[in-house]
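Student: Hi! I'm new to this one and would like a walk through it. Could we start with a loop and go on from there?

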Amino acid sequence: MNYRPRTSIKGQALADFLLEIPDGGDPTKEKVWEVEGAPADNSSWTLYTDGASSREGSGAGLILTSPEGEEVTYAHRFNFHMSNNEAEYEAMLAGLRLSNQMGAKAVTALTDLRLAANQVNRSFEIRDQRMGKYVKMVKQLVGSFGQFTIKQIPRSENKRADALSKLASACFDHLSKKVLVEVFHERSIDEQQVNALAPAGPTWMTPFREYLQRGVLADNHDEARKIRIKAPLYAMVNGELYKKGFTTPWLKCVDQAKGREMLHEAHSGQVGAHEGARALTGKVLRMGVYWPTIQQDAIEMTRKCGECQSYAQSKRTPRCHCITYPARGHSTNGA
């Protein structure tokens, strides 16, 4: 029996590595995606994303900066088990959807995950089926922009998004009120598309929709003047009417029937505590919805609630006890 030493495999390993990185051997090289027929826009939005997964849960943080320097800070909570790579992709998808809603035409995505950046740039091979679905969804969202660039950055440059993702995954209840938090119950690749149904008849939102979308006003001069004055307080986003806020997030407008259902659920539903009208109004507004008669509807609902009327504290006036004091110099024991 003859023994021969094993030959070196370093050369073959280097060849395989070069095949996986065809772009000049630079795995961190960024790639610019351009959509044919899209208008050129030099004002690019900057998107920082990061995801985190732990035993307590999974979360994502994203910071979207407009060309004018305005920032939108978001945190996402995932109520399902996922890996760190999946959390990174979920954060990127959420950031792209937010950029699309904000009307961005050129986006520069910055992430500290090398795998996601290079898989989207086609520098890394996609071997996992779930990662392939995530990359496919990212490319579908990229098609809505005129220009898209994704780049890997060091973790030291992505500290803010990393802090948001860790807060959302670990101590969700202690997030600042200035951070918008959204909870997801399923993966983006498993999410089913549901068509939104418009209300059957005209509501209080119909005049604002007609004016903001098509510039149509009512025939009545007084009504048209009211709509024209109040219209700057509202905005249309993806076909939905929102009420703007100066120091608070925008509120989604709903019709009065839907609003009363939410009032009833918040007042006497599973999370209801039979609050008063003022507390109930604030509770519903913090849920992110609005309609003009919310205060009047809350007062009417609390007055008609039987449990609130039965167990409410009744005002009791103290009884008058007349006490007769003896005259000065006289004793009460007859002495």
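Tutor: Happy to! Let's start with Arg122, which lies in the loop between helix 3 (114–120) and helix 4 (129–142). Helices (H or I, at least four residues) and strands (E, at least two) are DSSP runs, numbered from the N terminus. This is a predicted model: local features need pLDDT of at least 70, side-chain atom pairs count only at pLDDT 80 or more, and totals for chains, interfaces and linings use all residues. Residues are numbered from 1 along each chain as its sequence is written, and side-chain values use heavy atoms, with hydrogens and water left out.

Student: Is Arg122 buried or exposed?

Tutor: Arg122 counts as exposed because its relative accessibility is 51%. Buried means under 20% relative accessible area, exposed over 50%, and partly exposed in between (1.4 Å probe, protein chains only).

Student: And what is the phi of Arg122?

Tutor: Near 65°, a positive value in a residue that is not glycine. Most residues other than glycine have a negative phi.

Student: Where does Asn238 lie, and what is its phi?

Tutor: Asn238 sits in the loop between strand 8 (234–237) and strand 9 (240–243). Its phi is positive too, about 55°, although Asn238 is not a glycine. With 60% relative accessibility, Asn238 counts as exposed.

Student: How many bridges join strand 10 to strand 11?

Tutor: Two, and strand 10 (residues 251–253) runs parallel to strand 11. Cys253 has Tyr290 in strand 11 as its bridge partner.

Student: New topic: which residues touch the most others in the largest nonpolar core?

Tutor: Tyr89, Met92, Leu96, Val138, Phe148 and Ile150, out of 34 residues in that core. Helix 2 (84–101) is among the elements that supply at least two residues each, and helix 2 gives the most, with eight. Apart from this core lies another, of 21 residues, including Leu251 and Tyr290. A nonpolar core is a set of buried Ala, Val, Leu, Ile, Met, Phe, Trp, Tyr and Cys residues joined through side-chain atoms within 4.5 Å.

Student: Now helix 9. Which of its residues are buried?

Tutor: In helix 9 (277–286), the buried residues are Ala277, Leu280, Thr281, Lys283 and Val284. They cover an arc of only 165° around the axis, so they are on the same side of helix 9. That arc is taken from the directions from the helix axis to the C-beta atoms. On the other side of helix 9, Arg278 and Arg286 are exposed.

Student: What do the buried residues of helix 9 pack against?

Tutor: Helix 8, strand 11 and helix 10 (294–304). Leu263, Ala266 and His267 in helix 8 meet Leu280, Lys283 and Val284 in helix 9, where contact means heavy atoms within 4.5 Å.

Student: At what angle do helix 8 and helix 9 pack?

Tutor: About 115°, with their axes 10 Å apart. Axes are lines fitted to C-alpha atoms, for helices over the stretch in contact, and angles run from 0 to 180 degrees between N-to-C directions.

Student: What comes just after helix 9?

Tutor: Gly288, which takes a positive phi of about 95°.

How values were computed. Two strands pair if DSSP finds at least two bridges between them.
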